[in-house]
Amino acid sequence: MDNTETLHQDEAVLLATALVDHVAVSAGLQVLFIKGPAATMMGLRENHVSADVDVLVRPENLDRLVERLGARGWLERPSGVSVVRRYSHSQTLYHPQWNCDIDVHNRFPGMEAHAGSAFDALWRGRQYLVMATRSVPVPSVPAAVIFQALHSLRAMDEPRHQREYSGLLQRVDTSMHKEIVELSIELQATSALQPLLDDLGIVDLPVRQGPVSDEWSNRTSIQGTGTAYLVALIEAPWRAKPRVLVRAIFPSRNTLRERDLHLDDSVAGLLRAHVARWRRGMAGLPAAARKIRTSRRRQRSL
């Protein structure tokens with residue numbers, strides 16, 4: 001009789017957090033655990049089960065942390081679309097025997113300051129929370145508000161992010177406004193955070209940064225592979241458009257594995273994967289086009 005038990009998702013995330021912290025400390029690396037359980041413990045979001053561990057590491061140490069986790073069986077998930085990879089900010093790891101991922105960030109989208117300087121500012125205000133009986137470093141509450149807001153603002157057409165953003169606004173006390181403003185300026189995040197600052201009623205910023213970056217504009221318009229390929233097709237020079245189109249219709253096996261790690265490599269299996277992908281792409285095309293159009297109209301108005 002097989003007595004093997006599978007960890008619940010929330011248990012796996014907490015245990016994986018403790019594991020990553022142990023690996024980082026053993027290697028002398030500074031890390032911060034962002035979003036997820038930390039945000040819940042701080043009262044910044046409702047309690048729901050996270051799918052992965054989000055950890056921020058100094059940019060120069062990302063490869064070392066990934067290598068140390070790799071020695072414990074954690075493998076990098078395939079990533080496919082070039083327009084998404086262009087703004088790569090993390091590596092997602094999975095383990096065949098764990099039911100959660102580890103997302104290792106070397107920076108966070110929306111924070112335009114140099115990644116090392118941003119980490120210094122966040123590390124300076126760190127606090128510690130206990131997860132799986134281990135005390136792990138997490139951002140200050142104002143910094144956690146910024147992480148949560150940027151995470152939601154990146155995909156506000158999704159009901160879940162709308163709910164989380166609305167809940168965050170209700171949980172941010174006015175006593176935090178000054179620290180949020182000062183930190184957002186230091187992180188050079190006020191452009192991406194403009195909706196949050198407006199919704200909180202913070203109108204008199206000592207420093208106002210310019211329009212959002214191209215990266216942030218693309219990230220807020222690219223949610224899903226179909227949208228990513230559509231953006232790539234629009235941005236490609238005419239001579240490159242046929243190549244982008246072929247790649248969108250017939251992606252590599254590595255791109256297909258991004259969705260299904262156990263891809264059936266047989267002819268029939270690959271055909272099924274392609275057909276399923278074409279159906280998803282056609283179904284999502286109108287919404288992708290609307291999202292890109294809305295995002296670019298908003299960018300031009302800034």
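Hi everyone, let me start with a count: there are 7 salt bridges in this structure, where a salt bridge is a side-chain nitrogen of Lys or Arg within 4 Å of a carboxyl oxygen of Asp or Glu. Before going on, this is a predicted model, in which local features need pLDDT of at least 70, side-chain atom pairs count only at pLDDT 80 or more, and totals for chains, interfaces and linings use all residues. Residues are numbered from 1 along each chain as its sequence is written, and side-chain values use heavy atoms, with hydrogens and water left out.

Arg134 pairs with Asp21, and their closest N and O atoms are 2.6 Å apart. This pair ties together distant parts of the chain, 113 residues apart: Arg134 sits in strand 7 (residues 134-138) and Asp21 in helix 1 (residues 9-26). When I say helix or strand, I mean DSSP runs numbered from the N terminus, with helices being H or I of at least four residues and strands being E of at least two. Are these two residues buried or exposed? Asp21 is buried at 3% relative accessibility, while Arg134 is partly exposed at 27%. Here buried means under 20% relative accessible area, exposed means over 50%, and partly exposed is in between, using a 1.4 Å probe and protein chains only.

Next comes Asp120 with Arg58, where the closest N and O atoms are 2.6 Å apart. Again the pair links distant parts of the chain, with Asp120 in helix 5 and Arg58 in the loop between strand 2 and helix 3, 62 residues apart. Arg58 is buried, with a relative accessible area of 16%, and Asp120 is partly exposed at 37%.

Then there is Arg160 with Glu164, whose closest N and O atoms are 3.1 Å apart. These two are 4 residues apart in helix 7 (residues 159-171), so about one helical turn separates them. Glu164 is buried at 10% relative accessible area, and Arg160 is partly exposed at 38%.

For pairing, DSSP has to find at least two bridges between two strands. Strand 4 (residues 90-94) and strand 5 (residues 101-105) pair in the antiparallel sense over 4 bridges. Which residue of strand 5 is the bridge partner of Ser90? That is His105.

Contact here means heavy atoms within 4.5 Å. Angles run from 0 to 180 degrees between N-to-C directions, and axes are lines fitted to C-alpha atoms, for helices over the stretch in contact.

Gln91 is buried, at 16% relative accessibility. Beyond its neighbours within four places in sequence, its contacts include Leu62, Val66 and Ile102.

Last, helix 6 (residues 141-153) and helix 8 (residues 177-186) pack at an angle of about 65°, with axes 9 Å apart. Among the residues making the contact are Val145 and Ile146 of helix 6, and Ile180 and Leu183 of helix 8.
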